[in-house]
Number of protein chains: 2
Amino acid sequence: MNPRKSRRDVAHHLAPAPLFVLVRPQMGENIGASARAMLNFGLSGLRLVAPRDGWPSEKAGAMASGASIIIDETRVFEDTGAALKDCQYVVATTARPRDVVLPVLTPGEAAIAMKARIARGETCAVLFGGERAGLNNEDIACADAIVSIPVNPAFASLNLAQAALVMAYEWGQTGAQLASTTGEGAALTDMAPPAPREDFDRFFAHLAQELEDAGYFYPPEKRTTMERNLKVAFQRAGLTENEVRALRGVIKALAKAGNQ
Amino acid sequence: MNPRKSRRDVAHHLAPAPLFVLVRPQMGENIGASARAMLNFGLSGLRLVAPRDGWPSEKAGAMASGASIIIDETRVFEDTGAALKDCQYVVATTARPRDVVLPVLTPGEAAIAMKARIARGETCAVLFGGERAGLNNEDIACADAIVSIPVNPAFASLNLAQAALVMAYEWGQTGAQLASTTGEGAALTDMAPPAPREDFDRFFAHLAQELEDAGYFYPPEKRTTMERNLKVAFQRAGLTENEVRALRGVIKALAKAGNQ
């Protein structure tokens, strides 16, 4: 029996689950430990954004041990937006309250929301920040919701692998929980799914460009914040593909009218 | 400001919480990581049974970093029974089903049960097995219930520190959950608390001695299993101090009658 094939089976027999996206992770050991935590609770899709020490990582492989199937198939991206292109619902784990207007969920609530969406065929992802600096506001602005793990305010120091374990564990809990929930899962079934992030991002880049051309971003030093706040507001709407298409039509129409 | 005092405050301002008891832990790093996980979710009482590399441990201290207040106050015992003497309700974390007849709880159920008992002033503990061999049947026979963390059956490999994190996290969740629960918490309020483990153990040793003298344990090679099964059955009753005292009277009376 081919041991590699057998390892692959471990992952390929898993039910669909959220992707974990580690943004600027530093230590290979934490990437490996996150992979182990994932496989323990039935997750297998791991993506990295700009890992400090490059990829592949010997330390990640050693720490992952039996979960090396996840490490072997890990994909690496240059920036957070690129890693989320095909995703339809994204939650960002962060302890600190930020000046980004997004709903804040508990890990359990986030897991249940993702379970319902995945059951409908949506691609979901959980963003985790690297060891030193966590997620920045630009990363968080790629998300539909913030997940805050409630910790002792006098000692809030979960590391990357511990945060991944908590989220993986809560995902594992949803098998039992979803049957009894009447929350977002039930409410979702009549809604069309959100557009893939790639479509949304193209729409928003179009909008931002038109606003730039129109001199909307003033004063210039506020531009980053103004653009981010606008993006987050659109994001909270959970725009469908049709809505994104319609909005691009709106922008085109307005821009054309303004140029005449 | 005295930094040591300030660290102590972190732990001393915490509400009462379960003790974590690590049985035959091997790596100092995992003891330190468990301490960090505990403090993140408001727990501080750590006990060790026969740590492989002795105590104190430099590696545990380094890994615990900001949670060194827990490491400084960690107590070490020779065996599991000694570590649990003052405990009134004990849960044992173990993945494998064992031939020990105890109720099996989820981590969340265990946390809620302990929360209710601690609110009544009981001392509760969670047993964790060491890295290589986990808890043995003798350790588990010291518990009132088994806690099983539901993991991917094709990859069940949570390490000691990860199991401690899951249990600490679920303890942290009880703050919000208890208010709405109508489970064991509500049912408990009319019951007298169980006797401390020390009283129970003295009672059971008394019983076992009398049974030994009476030739009850036959054939001899079955003795260990027979005694353990008996102990677990009594343990599931959650005997109060009065009941333990009464039962000791029963044993005395029977033994005396038998000797006549």
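Which residue does Asp53(A) meet in a salt bridge? The partner is Arg52(A), and the N to O distance between the two side chains is 3.0 Å. Here a salt bridge means a side-chain nitrogen of Lys or Arg within 4 Å of a carboxyl oxygen of Asp or Glu.

Before going further, a word on the model: it is predicted, with local features needing pLDDT of at least 70 and side-chain atom pairs counting only at pLDDT 80 or more, while totals for chains, interfaces and linings use all residues. Residues are numbered from 1 along each chain as its sequence is written, chains are lettered from A, and side-chain values use heavy atoms, leaving out hydrogens and water.

Over all chains, the whole structure holds 22 salt bridges. Three of them are set out here.

| Asp53(A) | Arg52(A) | 3.0 Å |

Asp53(A) is exposed at 53%. In the second pair, Glu122(A) is buried at 4%, and Arg117(A) is buried too, at 8%. These two also belong to a network of salt bridges that includes Arg120(A).

Glu138(A) sits in helix H7 (residues 137-140) and Arg228(A) in helix H11 (residues 223-236), both of chain A, so the bridge ties together parts 90 residues apart in sequence. Helices are DSSP runs (H or I) of at least four residues, numbered from the N terminus. Glu138(A) is partly exposed at 39%, whereas Arg228(A) is buried at 8%.

Definitions and conventions:
Buried < 20%, exposed > 50% of the residue type's maximum accessible area, 1.4 Å probe, protein only. Helix = DSSP H or I, 4+ residues; strand = E, 2+ residues; numbered from the N terminus.
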